[in-house]
Amino acid sequence: MIEVRHLRYAVMAADERSFARAATAFNMKQSTLSRKVLRLEDQLGFRLFDRTTRGACPTDVARPFLDAARKIIDDLDGLQRHAQALQKRRQGRLALGYSGSLFSGALALPIGDFLKEHPDVQFDGYERSPEQLFEALRAGLVDAIIAPCGQRGRDEVQMPLWSEPLWVCFSSSHTLAKVDPIRWIDLKQAHFVLPAGGLGPVIRNILMLRLGDMAAETDVGFQETGPESILGLVSITEKATLTIQPVTSHLTEAVQCRQVYDAHGLAHLDFALHWCEANKNPALLHFREMLRMQLVGCKPQDDG
């Protein structure tokens with residue numbers, strides 16, 4: 001019986017017009033590939049190649065055979081790709097959008113457990129700003145997103161997950177260093193710098209909302225940099241920044257971070273899982289149930 005791998009060797013030698021180049025393509029010795037082709041020729045009862053010092057030239061009788069072999073190989077490769085696609089659909093896929101680090105904080109444990117319990121599910125992360133995440137969700141690019149609460153379309157569902165306290169960071173020489181506790185009203189005349197990406201615009205909106213009529217006295221600028229660079233800028237200027245997760249590894253004696261208080265206690269930013277109601281992806285259903293158990297703290301229930 002003819003072996004498919006021998007057909008592959010012969011077709012590659014014909015395409016390359018060289019046993020040496022064909023052997024390199026298969027990461028094998030030229031002598032090994034040559035022996036395999038000779039074995040195929042013995043099975044067929046005719047020569048496939050005229051071997052010369054300049055390479056390997058298919059014989060006249062071999063050309064139609066090699067054309068047929070090439071078609072068989074293409075069909076087999078296509079069948080393999082089709083089988084892989086079916087396998088992926090059977091195993092499932094979950095595309096999750098988020099801002100910031102997906103494998104840190106409150107999300108680390110449930111995502112890790114989900115990947116362990118569902119090793120056959122293809123997990124795709126999609127990191128963007130909250131505004132871009134909602135656009136991706138509505139365009140069907142992701143199954144769900146983890147973003148701040150509040151932004152919700154008509155056909156979208158959200159499941160509140162957890163809250164992050166808000167911190168204000170400033171230099172040790174800043175006027176806020178003498179204020180304790182720090183409330184929203186204490187921030188009215190501060191000069192803030194926030195990252196332009198990620199949660200920066202969301203935090204800026206919260207600041208403006210909490211200050212109300214006093215927001216006009218507050219200066220807020222954006223930098224196209226990450227939280228580490230923002231803290232570095234804060235340490236050498238009179239600017240301050242607001243964040244939900246201070247990068248403690250980059251804090252020095254020159255930078256202080258304090259939690260912000262409102263009338264009800266610690267000010268915070270609430271996060272939720274958002275998805276489109278029509279999405280019936282089984283992997284998404286399993287992921288939601290795991291989040292409910294670990295973050296929401298309630299039993300799995302029907303979304304209605």
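This is a predicted model: local features need pLDDT of at least 70, side-chain atom pairs count only at pLDDT 80 or more; totals for chains, interfaces and linings use all residues.
Student: Which helix gives the most to the nonpolar patch, and what makes these residues a patch?

Tutor: Helix α4 (residues 62–91) gives the most to the nonpolar patch, with three residues, a helix here being a DSSP run of H or I of at least four residues and a strand a run of E of at least two, numbered from the N terminus. The patch consists of Val4, Ile72, Leu76 and Leu79, which together have about 320 Å² of accessible area, computed by the Shrake-Rupley method with a 1.4 Å probe and with only the protein chains shown as cover. Residues are numbered from 1 along each chain as its sequence is written, and side-chain values use heavy atoms, with hydrogens and water left out.

Student: Why is leucine 79 called exposed?

Tutor: Leucine 79, found in helix α4, has 54% relative accessibility; exposed means over 50%, buried under 20% and partly exposed in between (1.4 Å probe, protein chains only), so leucine 79 counts as exposed.

Student: How do you know whether arginine 183 is buried, exposed or partly exposed?

Tutor: Arginine 183, in strand β8 (residues 182–183), has 40% relative accessibility and therefore counts as partly exposed. Leaving aside neighbours within four places in sequence, arginine 183 is in contact (heavy atoms within 4.5 Å) with Val260, Tyr261 and Asp262.

Student: And why is threonine 243 called buried?

Tutor: Threonine 243 belongs to strand β11 (residues 241–243), and its relative accessible area is 18%, so threonine 243 is buried. Not counting residues up to four places away in sequence, threonine 243 touches Pro165, Leu166, Trp167, Cys169 and Ile203.

Student: What puts the buried residues of helix α8 on the same side?

Tutor: The buried residues of α8 (residues 227–236) are Ile230, Leu231 and Val234. They cover an arc of only 100 degrees around the axis, so they lie on the same side of α8, the arc being that of the directions from the helix axis to the C-beta atoms. Among the elements that cover them are β7 (167–171), β9 (191–195) and β11.

How values were computed:
Patches are made of residues with over 30% relative accessible area and no salt bridge: like charges are joined within 9 Å, nonpolar side chains (Val, Leu, Ile, Met, Phe, Trp, Tyr) within 5 Å. A salt bridge is a side-chain nitrogen of Lys or Arg within 4 Å of a carboxyl oxygen of Asp or Glu.
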